[in-house]
Amino acid sequence: MPSQHPAEIGYGHVAESYVTRTYGGLARYLVLGGRFLGPRWWHTTRFTRHLLDDAAAINDEELEALLGYEWRSRLTAAWLIGVDRRERFRARIGDLLLASESCYSGNAYCFALARFGTHADAEILTAYLDHYLPRTDLHYDQPAALGALLRLDALLGTSHADRFTEPDGLWDEWVKGVGRLGYPSYVPAEQRRWTDLQCEFANGWTRS
């Protein structure tokens with residue numbers, strides 16, 4: 001999926017308006033990495049109010065402009081989509097996740113799918129894990145995808161994640177593989193907990 005600067009399609013304002021707005025000296029896209037979940041971060045209230053307002057105010061064309069650019073813009077757009085539960089972006093988010101063309105933004109795609117909370121979202125996450133867990137040489141967004149899928153299984157009463165997390169299954173093999181590359185040992189329950197934290201945070205600050 002080719003990258004295009006928003007200014008080229010008449011949306012040059014979107015990065016400054018939605019992506020690089022600062023809180024405590026940090027741009028929004030950096031805060032979305034998780035700092036807002038810290039109990040001692042002083043700017044959480046202002047940050048979350050602005051995030052909610054922007055998620056409601058941004059239009060679909062502006063979101064498309066962000067999704068068509070680089071990872072910072074895509075990460076921010078996916079969060080805004082997830083917070084506002086704009087399910088019409090499901091296919092777009094799914095395509096970006098499965099393509100995995102850029103770093104860092106995949107966690108936000110998984111958050112958005114977890115927020116949508118339907119069987120269609122579980123199918124996208126399952127397809128991602130089917131494709132990327134066998135690649136034990138790649139550390140992409142497998143942890144975030146599994147955490148989101150585990151949350152959806154719990155919400156939907158399904159068991160999509162079971163075949164990945166069975167002993168000596170695809171998940172264990174992937175963890176061993178990326179462990180040899182120096183990455184930590186990811187525990188499924190911890191990935192689910194992190195997704196729950198993100199989604200419950202969003203639940204507490206949205207109107208729905």
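Predicted model: local features only at pLDDT ≥ 70, side-chain atom pairs only at ≥ 80, totals over all residues.
I started with E70 and R72, whose side chains meet in a salt bridge, N to O at 2.6 Å. My cut-off for that term: a side-chain nitrogen of Lys or Arg within 4 Å of a carboxyl oxygen of Asp or Glu. R72 is partly exposed at 31% relative accessibility. That label sits between buried (under 20% relative accessible area) and exposed (over 50%), using a 1.4 Å probe and protein chains only.

I number residues from 1 along each chain as its sequence is written, and side-chain values use heavy atoms, with hydrogens and water left out.

Next I looked up E87. It forms a salt bridge with R90, and the closest N and O atoms are 2.7 Å apart. Buried or exposed, I wondered about R90? R90 is buried, at 16% relative accessible area, while E87 is partly exposed at 34%.

Then R92 and E64: their side chains meet in a salt bridge of 3.1 Å, N to O. R92 lies in helix α6 (residues 90-99) and E64 in helix α4 (residues 60-67), so this pair ties together parts 28 residues apart in sequence. Helices here are DSSP runs of H or I, at least four residues, numbered from the N terminus. R92 is partly exposed at 23%, and E64 is partly exposed at 36%.

Last entry: I found D60, D84, R86 and R88 linked in a network of salt bridges. The count by this rule comes to 16 salt bridges.

Note on methods
Helix = DSSP H or I, 4+ residues; strand = E, 2+ residues; numbered from the N terminus.
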